[in-house]
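Please look over the sequence and the structure below.

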Amino acid sequence: MPDPIHQFEIKRILELDLFGIDASFTNSALWMVVAVVLISLLTIWGMGGRALVPNRLQSVAEISYEFIANMVRDIVGVSGMKFFPFVFTIFMFILFLNMLGLLPGAFTATSSISVTAALALLVFFTVIIVGFAKNGLGFLKLFVPSGIPKILLLLVVPIEIISFLSRPVSHSVRLFANMLAGHITLKVFGGFVTMLIGTGGALAAVAIFPLTMALALTALEVLVAFLQAYVFAMLTCMYLHDALHPGH
Amino acid sequence: MDPAAAKLIGAGLAAIGTGVAAIGVGTLFGQFLSGALRNPSAAPGQFANLIFGFAVTEALGIFALLIAFLLLFT
């Protein structure tokens with residue numbers, strides 16, 4: 001069977017060495033650039049016409065704007081709308097990386113823990129900085145839920161601190177592991193098809209079953225690609241809500 | 001025991017976790033549906049909560065799957 005991990009191999013396209021740091025342009029970076037270019041095309045070109053009756057491209061741009069704007073308003077509140085560009089960028093970036101990764105032969109940049117960890121840490125430190133800048137030391141109220149007995153605080157405060165510190169871990173691993181697991185599963189079923197056809201004879205006809213399964217899994221992966229981008233953006237909104245309103 | 005065999009057994013054991021997460025996700029959507037059918041007008045407002053619960057629950061199953069993959073392929 002073909003190695004299902006092989007697809008996640010990082011290849012250097014352009015060797016580049018910056019002061020001893022390996023800053024080569026890799027296939028991962030290439031697909032990130034493709035995603036950024038496509039998002040820019042969609043938003044800039046799509047909204048270029050500013051027609052009252054939008055064409056298809058403009059509709060897509062407007063729907064994605066409205067979708068994220070509603071989410072930010074619902075979760076962070078109207079005062080959180082200044083974080084809309086941040087959330088929108090993260091959502092579109094992850095959505096396009098996930099979707100582009102589903103193309104045959106493409107590289108899924110979000111299946112590298114380095115990419116998702118960088119995004120999660122960006123959110124994590126944004127929340128800390130915004131939290132302290134907005135509330136000063138009042139941000140620490142996040143770790144002290146109101147309305148519980150004093151004696152229980154000894155137990156609850158460490159739990160709250162641990163749960164806060166583990167946020168970037170679960171935030172990044174969720175996206176990374178979802179993409180990794182999905183692509184490995186697809187590859188395994190693809191491997192079944194080639195193996196069955198390779199045996200020839202009557203067994204080759206059975207290859208239709210894993211092929212059907214691979215097709216269904218691809219449809220599921222499209223859903224997962226969207227859902228994980230949505231979940232990542234939604235959790236970002238929830239963390240930002242904590243930063244702006246730390247009292248429980 | 002042969003380390004390779006122990007790895008495979010460990011991967012199989014880790015995969016049990018995905019099944020347990022499946023119970024959680026099933027409960028989640030089942031409860032949502034039963035609630036949504038009782039009061040359909042309130043259902044759309046809870047969609048974000050549903051997805052949040054799904055993400056948090058599913059992540060644990062995915063972590064178990066990740067451990068299985070790590071044991072299998074590294």
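Is B:Phe52 buried, partly exposed or exposed, and why? The model is a predicted one. In it, B:Phe52 has 16 other C-beta atoms within 10 Å. A residue needs 20 or more to be buried and 12 or fewer to be exposed, so B:Phe52, with its 16, is partly exposed. The residue sits in helix 2 of chain B. Along the sequence, B:Phe52 is 34 residues from B:Thr18, and the C-alpha atoms of the two are 18 Å apart in space.

Next comes the contact between the two chains. Chain A brings 13 residues to it and chain B brings 11. On the chain A side, at least two residues each come from helix 2 (56-75), helix 6 (167-199) and helix 8 (208-244). Helix 6 of chain A contributes the most, with seven residues. Sorted by class, this side of chain A consists of nine nonpolar, two polar and two charged residues.

The largest nonpolar core contains 47 residues. Helix 8 of chain A gives the most, with 11 residues. Among the residues with the most contacts inside the core are A:Val87, A:Phe91, A:Ala233 and A:Cys237. A:Phe232 is also one of them. Setting aside neighbours within four places in sequence, A:Phe232 is in contact with A:Ile90, A:Ile94 and A:Leu175. Of these partners, A:Ile90 and A:Ile94 are likewise listed with the most contacts inside the core.

Key: Residues are numbered from 1 along each chain as its sequence is written. Chains are lettered from A and ligands numbered from 1 in the order in which they are written. This is a predicted model: local features need pLDDT of at least 70, side-chain atom pairs count only at pLDDT 80 or more; totals for chains, interfaces and linings use all residues. Two residues are in contact if their C-beta atoms, placed from the backbone, lie within 7 Å. Helices (H or I, at least four residues) and strands (E, at least two) are DSSP runs, numbered from the N terminus. Ala, Val, Leu, Ile, Met, Phe, Trp, Tyr, Cys and Pro count as nonpolar, Asp, Glu, Lys and Arg as charged, and the others, Gly among them, as polar. A nonpolar core is a set of buried Ala, Val, Leu, Ile, Met, Phe, Trp, Tyr and Cys residues joined through C-beta atoms within 7 Å.
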